[in-house]
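Student: Could we go through this structure together from the beginning? I have not seen it before.
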Amino acid sequence: MYNRRRTEMMKARYPKGTRICLDRMENDPNPIPSGTKGTVIAVDDAGQLLMKWDNGRSLSIIPGEDSFHKIQEEVQTEEISEELVEEPEINMTM
């Protein structure tokens, strides 16, 4: 059922690109496996999260029925490497 206030709240809380980890999806005959990660594509007018799952599927999440949580963006390995490499200090005093 359409609820504009709820839909706007879901759009603000889960904007496009938000990373999600599914905890449990019990009411679907062919559920996404628990622990699967995915990316929010959009929130529809019913407040469902339209998902692109990392396993290639695209089944939506229904808040209130499915259990899930937001996850932090995965940090690229390159970014971690760059942060860990420090320039050696050179002491120019004699």
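Tutor: Let us begin with a term: two strands pair if DSSP finds at least two bridges between them. Helices (H or I, at least four residues) and strands (E, at least two) are themselves DSSP runs, numbered from the N terminus. E1 and E2 run antiparallel and are joined by three bridges. Within this pair, Cys-21 stands opposite Lys-37 in E2.

Student: What should I know about the source of the model?
Tutor: This is a predicted model, in which local features need pLDDT of at least 70 and side-chain atom pairs count only at pLDDT 80 or more, while totals for chains, interfaces and linings use all residues. Residues are numbered from 1 along each chain as its sequence is written, and side-chain values use heavy atoms, with hydrogens and water left out.

Student: How many helices and strands does the protein chain have?
Tutor: The protein chain has two helices and four strands. Along the sequence they follow the pattern α-β-β-β-β-α.

Student: What is the order of the strands in the sheet?
Tutor: The order is E3-E2-E1-E4, in an open sheet of four strands with antiparallel pairing. E3 and strand E4 (67-71) stand at the edges with a single partner strand each, so one side of each has no neighbour in the sheet.

Student: How is E2 joined to E3?
Tutor: Five bridges join E2 to E3, and the two run antiparallel. E2 and E3 form a hairpin with five residues between them, and Gly-47 in the turn has a positive phi of about 85°.

Student: Why does Leu-49 count as buried?
Tutor: Leu-49 counts as buried because its relative accessibility is 0%. Leu-49 touches Met-10, Tyr-14, Ile-20, Val-40, Ala-42, Ser-60, Ile-61, Pro-63 and Phe-68, leaving aside residues up to four places away in sequence. Contact here means heavy atoms within 4.5 Å. Leu-49 and Ser-60 are eleven residues apart in sequence, yet 5.4 Å apart in space, C-alpha to C-alpha.

Student: How many residues are in the largest nonpolar core?
Tutor: The largest nonpolar core has 13 residues, and Tyr-14, Ile-20, Leu-49, Met-51, Trp-53, Ile-61 and Phe-68 have the most contacts inside it. E1, strand E2 (37-43) and strand E3 (49-53) each give two or more residues to this core, and E3 gives the most, with three residues. A nonpolar core is a set of buried Ala, Val, Leu, Ile, Met, Phe, Trp, Tyr and Cys residues joined through side-chain atoms within 4.5 Å. In soluble globular proteins, nonpolar side chains tend to be buried together.

Student: Changing topic, is Arg-19 buried or exposed?
Tutor: Arg-19 counts as buried, because its relative accessibility is 8%. Arg-19 lies in strand E1 (residues 19-24).

Student: Which side chains does Arg-19 join by polar contacts?
Tutor: The side chain of Arg-19 makes a polar contact of 2.8 Å with that of Thr-39, and a polar contact with the side chain of Asp-54 (2.8 Å). A polar contact is a pair of N or O atoms within 3.5 Å; within protein, one must be able to donate a hydrogen and the other to accept it, and residues adjacent in sequence count only if both atoms are side-chain atoms.

Note on methods. Buried means under 20% relative accessible area, exposed over 50%, partly exposed in between (1.4 Å probe, protein chains only).
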